[in-house]
Amino acid sequence: MIDRRAGPNKDQGNQFVPSDQAAPPARPKILATYPMPARVVEKLRSFADLTVLDGETDPQRVLDRCLGMDALICTLMTKVSADFVERLPESVRILATYSVGYDHVDLKAVDGRGLPFINTPDVLTEATADIAWLLLLGAARRGWEAQSMLREGRWIGWEPTQLVGADVYGKTLGVLGFGRIGRAVARRAAGFGMKVLTFQRRPGSGEPLPDHVELRGSLDEVLAESDFVSLHLPLSEQTSGWLNAARIATMRRGAIVVNTARGGLIDEAALADALGSGQIGAAGLDVFVGEPNVSETILAAPNTYLLPHVGSATSSARDGMGLSLASDLEAFFAGRPMVSQVDTAA
Ligand code: GLV
């Protein structure tokens, strides 16, 4: 009798292979442009042959390594332009970005090519909202100046007029963009006794608003009435340079700006001027135009609290991002529906 639990042909030796037995499906080949957390690598290797590059951002070199690959996992450091999409080898059947934002990807080109495209929503919401609050508090309470004074040995002791910052408790926070991260930032504001103002393109959609959140009729109204503003808009042609000199002039004098979304939402030269004149009291920025370069204008501006794009940098968020991509890729190659496919036609 054949013992089927112990695998095929156990008691018949190795020489017998039934000719009608299908060959196991080939393992998909996946290319990742950056090293990823160990749990993510392990999950991807459980169903695919994975090649990991050492932080490759050059589009041509990424394209060269895509030859014969079934999937590409890139990050926001790779510009997925129309030209890039056009030159992707035919073998690539799905594109993934290790980010929730996808302004680095030409969606029209991806859609035109019929490539499924996945990203990493949800799993980084709370981590990013925490960083928005670090920036808000760091900017308001002059965190960077205080650190520098202490570390550089310039602290000569407590003084009544030393490092006096802005109050946060009880102030008004404008949340510009009320998606997942904007809502999570707004939720934290309740603990600071803050009133939150926001604008929703489709009021009444999504969860009901908490009591401390009030709607205004436009983003501009929110901007004009807030002591703090936190940006959570997607970067697009419509929102590029949205916070410009004209809008900054409508803000409360001394208001504080926080940005964890994309650097391109802000006209950095206008922000630097406004920090210089005091129209903007301080800015907490995690994102910049032209990352990883940060403009001299921003570096030289007073009253800034700057971080190197670390919104999602916690182990649960970064693991979660990769595991979400991995489980969608596994589903894709098994012909099952995916959870985080971006609607490229929208
Ligand atoms: C980071 O900025 C992301 O979009 O995930």
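Reply: In this predicted model, the C-alpha centres of domain 1 and domain 2 lie 32 Å apart, where the bounds of the domains come from an automatic or database domain assignment. That assignment gives domain 1 as 22-123 + 316-333 and domain 2 as 125-306, with residues numbered from 1 along each chain as its sequence is written. Because the model is predicted, local features need pLDDT of at least 70 and side-chain atom pairs count only at pLDDT 80 or more, whereas totals for chains, interfaces and linings use all residues.

Five residues of domain 1 are in contact with seven residues of domain 2, contact meaning that the C-beta atoms of two residues, placed from the backbone, lie within 7 Å. On the side of domain 1 that touches domain 2, two residues are nonpolar, one is polar and two are charged (Ala, Val, Leu, Ile, Met, Phe, Trp, Tyr, Cys and Pro count as nonpolar, Asp, Glu, Lys and Arg as charged, and the others, Gly among them, as polar).

As for the sheet, five strands form an open arrangement with parallel pairing, in the order 2-1-3-4-5; strands are DSSP runs of E with at least two residues, helices are runs of H or I with at least four, both numbered from the N terminus, and two strands pair if DSSP finds at least two bridges between them. At the edges, strand 2 (49-52) and strand 5 (117-118) each pair on one side only. Strand 1 (residues 29-32) pairs with strand 2 in the parallel sense over four bridges, and Leu31 has Thr51 in strand 2 as its bridge partner.
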